[in-house]
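Dear colleague,

I am passing on the structure below, and after it you will find an account of what came out of it. Please read the account with the structure open beside you.

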Amino acid sequence: MRALRILFGTAWLMVATAAGAVQPDEIMSDPALEARARALSAQLRCMVCQNQSIDDSDAALARDIRLLVRDRLKSGDSDAAIKQFLVARYGNFILLKPPFTIETLLLWLTPLLALALGSIAIWRAGIAKRSIETAPLDAAEAARVDALLAGDE
Amino acid sequence: MVVEAGHFALVLALALALVQAVVPFWGAQTGDGQLMSVARPAALVIFGLVAVAFAALMYAHVVSDFSLVNVFENSHSAKPLVYKISGVWGNHEGSMILWVFILALFGALVALFGRGMPDQLRANALAAQGFLAATFILFILLTSNPFARLVPAPIEGRDLNPILQDPGLAIHPPLLYLGYVGFSIAFSFAVAALVDGRIDAAWARWVRPWVLTAWIFLTLGIAMGSYWAYYTLGWGGFWFWDPVENASLMPWLAGTALLHSATVMEKRDALKVWTIFLAILAFSLSLLGTFLVRSGVLTSVHAFASDPTRGIFILAILVLFIGGSLTLYAWRGPRLKPGGIFAPVSREGALVLNNLLLTTACLTVFVGTLYPLALEALTKDKISVGPPFYALTFGPVALVLLCALPFGPSLAWKRGELLGVAQRLSVAAAAALAIALLIVSLRRHGPILAPLGVGVAVFIILGSLIDIGGRVVKRGASLSVTWSRAIGLPRSIWGTAAAHVGLGVTVLGLAATVWGVELIVTARAGNTFDLGPYQVTIADVASREGPNYRETYAEAIVRSGGVIVAHVEPAKRFFSSRQTSTTQAGIVTLGLGQVYISLGDANADGTMAVRLYWKPLVTLIWIGAMIMAFGGALSLSDRRMRIGVARRAVTARQLPQPAE
């Protein structure tokens, strides 16, 4: 995603690529298969690009993989089989949704862990505060409350 | 001469920034008023000096002084004037000068408007600002000097990257930097409070306007960046979960959390330690956003290793400020006294939930951005973290936050009643549900996310309006009474409602993307295509010369039921100076949606690849962001927030506070 890097990073990289991914000649005649191809493409990384799916990239490699995906779809492969085939060839790097493995355990569980730990911290802070709130009066305080209530001051 | 003057001014600013970093701090430690009073004039003069440096660089760009490496590499004599000016920050060195310029601007504003606050707090905060300024000016002078000369001077420059020759460059980086750097004020005040070891509700009152200002600019900056990407990239994508975007989203999330927790601190004297932490976090993430992108680490570990000088300096800066402030927080934070008590179901409780969800969302983006880097560095295994990951992690957190949002403003402080609030919101919830069900029944096979998103958006918008309505409308009251109640409502309450409505509007625009129509075709002049509710005719394809490019453009006519509603001119520009081309999408706004046409490659037989899109309600995404920023501005204009009020707040602090 070079163009984007340039926009947000203001010119950190030198060359922009004008976008224009899927070309008219790639589109399959069967709309159902084409829809599956587009959905699959959005989940596959263009490996020579920066964080760009093959659906968004006009790189030559992205086009090759788009055509490969369409070939496989035509020969009747399932989405899972196509992904498996691509992972066997290019590694997990090609999946924009990383698989759930030991390596990515922390990545996937971060939101849950943050929510759980945050909730516990808030709950404990609440208990600590409530105990301050309900701490009983000591003798001197009680005497002063009595005096105030009696209207001496 | 002018350039050397600018260079010299920058060096002077460095020296003075060092003075500002040390002397007022020393004064605050020893209680010496004279030393502390150095901070204000120093901040003002630094701003003047950095402004001179910035103006000198701009002058060099405007007159095309190619004896400067920076101008030679990023400018061209035939470039239009507006891009000569905005081109100043369209490169690394220049954007660093802009960054420091804005930092100095904020420092000067604190010096000018910070009269009401305690001398020690102001002196320490300005010292922290001085330390920041000194570090970044040093970074510029040592690793990214825009004033470096080139001998002999070339005749012509290499031109600015064509994709940056766009009005977006004039607006987007300044807005984004005003947001990023604006959080430095909250950061400096947090550091000052930690050094002081004292903190109270008045601190939040001083800091909140600065946070709000930064937040408004960051909101606009991100929205502007996403719209720029939308119309430049040629296929209408506007958010990609790319690290550079995440880098701007993280401080926005932390800043939004800070904005809300500072409200609790200001009103109820609670969440003080947490607010300090968020102030540090928001600016730390801003630093990370600006500089991690600049170090090249995000692009690839190898790019970083190939030219490590700048990157190592940047990492040292990050470690110094983020690590330093967090250490200070861990050391001094526990000494700060916690404040007010509240029941779990209360406005404070709702804002705590807001903070929990926002920081979780922020952490999710953080981990998603940096995990692949860490994993590759540790195990050499490469993974990708893309949009499907964020949809599954960030998505649910955001959804819970959005659903809970309308409850917050309706709950009472200290102890609220959930049942009563739920009753008041039941109308909004019912309307949201009805609309969502209607959509499901109309479009049975569409993705479930669309009706869900629309429902949530309607709930937020109506919920915010009902909250305002409940405050203004009283049964049996006359119209004039209602009007005066509406006028009498604090602007911050109107601001809150507006910002929340804006968020709802953005969500509505996002949900509607599902109903977009896409057409990728091979076309020649004369072809007509059906595009959603419209028919688009490619009438003509031709070429022409621009000031520093040549473009091929198409004349497209948009019809609705035979009637012409718009003319669109998508183009493809070729810049010979850099041998690159850009796509100029043809966009026309019809209602709240847009017809979006972009040209692809021409074929030998005279046909051309054309992409046509109908994007219903898409403008709501950015209109919503503008409404959010407007809400922020309304809140900022609240009497309570005006900076002069801070003085009265100091005296009020001495008096016993009446219960709210």
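I begin with a hairpin: β6(B) and β7(B) form it with 4 residues between them, and in its turn B:Q579 has a positive phi of about 55°. Here helices and strands are DSSP runs numbered from the N terminus, with at least four residues (H or I) for a helix and at least two (E) for a strand. This is a predicted model, in which local features need pLDDT of at least 70 and side-chain atom pairs count only at pLDDT 80 or more, while totals for chains, interfaces and linings use all residues. Residues are numbered from 1 along each chain as its sequence is written, and chains are lettered from A, with ligands numbered from 1, in the order in which they are written.

Strand β6 (residues 571–575) of chain B is largely enclosed by the rest of the structure, because 4 of its 5 residues are buried; a residue is buried if 20 or more other C-beta atoms, placed from the backbone, lie within 10 Å of its own, exposed if 12 or fewer do, and partly exposed in between.

Chain B also holds an open sheet of 4 strands in the order β1-β10-β9-β8, with antiparallel pairing. Its edge strands, each pairing on one side only, are β1 (517–523) and β8 (586–590) of chain B. Between β1(B) and strand β10 (residues 608–615) of chain B there are 7 bridges, and B:E518 stands opposite B:Y613 in β10(B). The loop between β9 (593–602) and β10 of chain B contains B:N603, which counts as partly exposed because it has 13 C-beta neighbours inside 10 Å.

Taken as a whole, chain B has 22 helices and 10 strands. Its radius of gyration, taken over C-alpha atoms, is 27 Å, close to the 26 Å that the globule rule (2.2 Å times the number of residues to the power 0.38) gives for 660 residues, so chain B is as compact as a globular protein of that length. Of those 660 residues, 54% are buried. Chain A, by comparison, comes to 6 helices and 0 strands, and 32% of its 153 residues count as buried.

Where the chains meet, 59 residues from chain B and 48 residues from chain A take part, two residues being in contact if their C-beta atoms, placed from the backbone, lie within 7 Å. Helix α14 (residues 347–379) of chain B gives the most to the side of chain B that touches chain A, with 9 residues.

As to confidence, the model scores ipTM 0.82 and pTM 0.90. The mean pLDDT (the predictor's confidence in each residue, from 0 to 100) of chain B is 87, and 94% of its residues reach 70 or more. Over residues 643–660 of chain B, however, pLDDT stays under 50.

With best wishes

Terms used
Two strands pair if DSSP finds at least two bridges between them.
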